[in-house]
Amino acid sequence: MPGMVPKDKQAILDEFRQGLLNEGLIHDGDTIGTDDETLLRFLRARNFNLKQSTLMWKNCQHWRSTVEGVGIDELYRQIDPFDYPERELVFDCWPLYFHKTDKEGHPLNFHHFGGINLDKLQKQMSLKRFWQTVIVNCEALPREVLPAASEAAGKPINGTFVVVDLSGFGISQFWQVKDFSRSSFQVSQDYFPETVARLAIVNAPRGFSTIWNVMKPWIAKETASKVTIHGSDYKSKLLELIDEEALPEKLGGKCTCTEHGGCMKSNAGPWMHNREQRREAWLNGERPTIAILPGELSSDVLLHAPAEKSSGAEVEPEQQKCEAESSASTDPASTSVSASTSETSSEEDEPIATPPVSEGDLAGQRSISNEALEKSLGRINVQDVREEAQTRQVEIAAV
């Protein structure tokens, strides 16, 4: 079931799509997504300004084709965000994971900042490799998690519910991960816009206002408006939005996922239905997408479709088609991290290369300059970075 587009926006959406077609910026099977909901995310992120939305789309396509020197499609083949060798180490040093859904069907994405220890992580894993796992986790949201959540809910699910747990998190840890966190926010806002439905910060410690005052300028205005901050009395607020059976016991719910070694490692959600078989079939070219196809959640039969061949890139069906034919499921779903809107771009920005992230910068071992920040973010909108230190005037309106 496609999302509703206000009448005054439909003409802009149609013009946006036609403009992308005319410029050769969108093709059937593009893994960025070619459905109306995807295009609307980019339009909302630029306040329905066609020139700026087109530039954002162009820059995103450039980033997707060049990130980490191989492009997002190849990186996603190389690193399975739900099953890579260092995953247990990452969860021990920076716990973040998808786990089921809220009452409205938004996938849940949990982050436990108190467990962050980059020094320990670097002893066994390079920060470049860790950064790559962060990127594929961002990509998992539109590529697998949201389509599965939509299929399970029987309606379009276009955003995630992010829960950030700050128990045990202090100022010293924040300064250690500040630059890395900022880079993550920027990648999410520039290349995965408008994908946060809610963001709840819980167990906020005394003095959190200092941390929040540093973080808030990184977050686009519309995303910041979706943030709620709670101390240790957060449980009742979360349970208004999340069933006890979906909320991990660690945060006051009843879910333990004991059979999977705990909620953190379970990956629980509709996106895991026959996922091992789906990924293998996709890697072997036996299906065009790793995402859940219409009808798969209600059947144990793995659906296959002929995969198109296209310069080594994955071919995804239109997400809207999946949503239109989706059927309800009783399997709970969950959410992912990605910020909602990004600052307005300069229309003169030109695509630039996306060099690897500096481990020193990401570890917070030195102050990061604008030039270094451009590299660590892999950003395309160079002027945005340069102007960021002077102004944070963001005027973005949602539909």
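1. Rings of Phe, Tyr and Trp count as a pair if their centres lie within 6.5 Å, and it is on this basis that Trp94, Phe113, Phe130, Trp131, Phe169 and Phe180 form one aromatic cluster. The model discussed in this note is a predicted one, and the structure as a whole holds 19 aromatic pairs.

2. A pair of aromatic rings is described by the distance of the centres and the angle of the planes. For Phe130 and Phe180 the ring centres are 5.1 Å apart and the planes stand at 20°, and because planes under 30 degrees apart count as stacked, that is the class of this pair. Phe130 belongs to helix 7 (residues 127-153) and Phe180 to helix 8 (residues 171-191), so the pair ties together parts of the chain that are 50 residues apart in sequence.

3. I turn next to the packing of helix 2 and helix 3. Two packed helices are described by the angle between their axes and the distance between the axes. The axes of helix 2 (residues 36-45) and helix 3 (residues 50-66) come within 8 Å and cross at roughly 120°, and the two helices are therefore oblique to each other. Their crossing is right-handed.

4. On the side of helix 2 the contact is made by Thr38, Leu39, Phe42, Leu43 and Ala45, while helix 3 contributes Leu50, Ser53, Met56, Trp57 and Cys60. Sorted by class, the residues of this contact are eight nonpolar and two polar, with no charged residue among them.

5. Ser53, which is placed in helix 3, has a relative accessible area of 0% and is therefore buried. Leaving aside residues up to four places away in sequence, Ser53 touches Phe16, Phe42, Leu43 and Arg46, and of these Phe42 and Leu43 belong to the helix 2 side of the contact described above.

6. Trp57 likewise lies in helix 3, and its relative accessibility of 0% is why Trp57 counts as buried. With residues up to four places away in sequence again left out, Trp57 touches Phe16, Leu20, Leu25, Ile26, Ile32, Gly33, Thr38, Leu39 and Phe42. In the case of Leu25, the separation from Trp57 is 32 residues in sequence, whereas the C-alpha to C-alpha distance in space is 7.9 Å.

Notes. Residues are numbered from 1 along each chain as its sequence is written. This is a predicted model: local features need pLDDT of at least 70, side-chain atom pairs count only at pLDDT 80 or more; totals for chains, interfaces and linings use all residues. Side-chain values use heavy atoms; hydrogens and water are left out. Axes are lines fitted to C-alpha atoms, for helices over the stretch in contact, and angles run from 0 to 180 degrees between N-to-C directions. Helices (H or I, at least four residues) and strands (E, at least two) are DSSP runs, numbered from the N terminus. Angles under 35 degrees count as roughly parallel, over 145 as roughly antiparallel, 65 to 115 as roughly perpendicular and the rest as oblique. A crossing is left-handed if the near helix is turned anticlockwise from the far one by less than a right angle, and right-handed if clockwise. Contact means heavy atoms within 4.5 Å. Ala, Val, Leu, Ile, Met, Phe, Trp, Tyr, Cys and Pro count as nonpolar, Asp, Glu, Lys and Arg as charged, and the others, Gly among them, as polar. Buried means under 20% relative accessible area, exposed over 50%, partly exposed in between (1.4 Å probe, protein chains only). Rings of Phe, Tyr and Trp (its six-membered ring) pair if their centres lie within 6.5 Å; planes under 30 degrees apart count as stacked, over 60 as edge-to-face and the rest as tilted.
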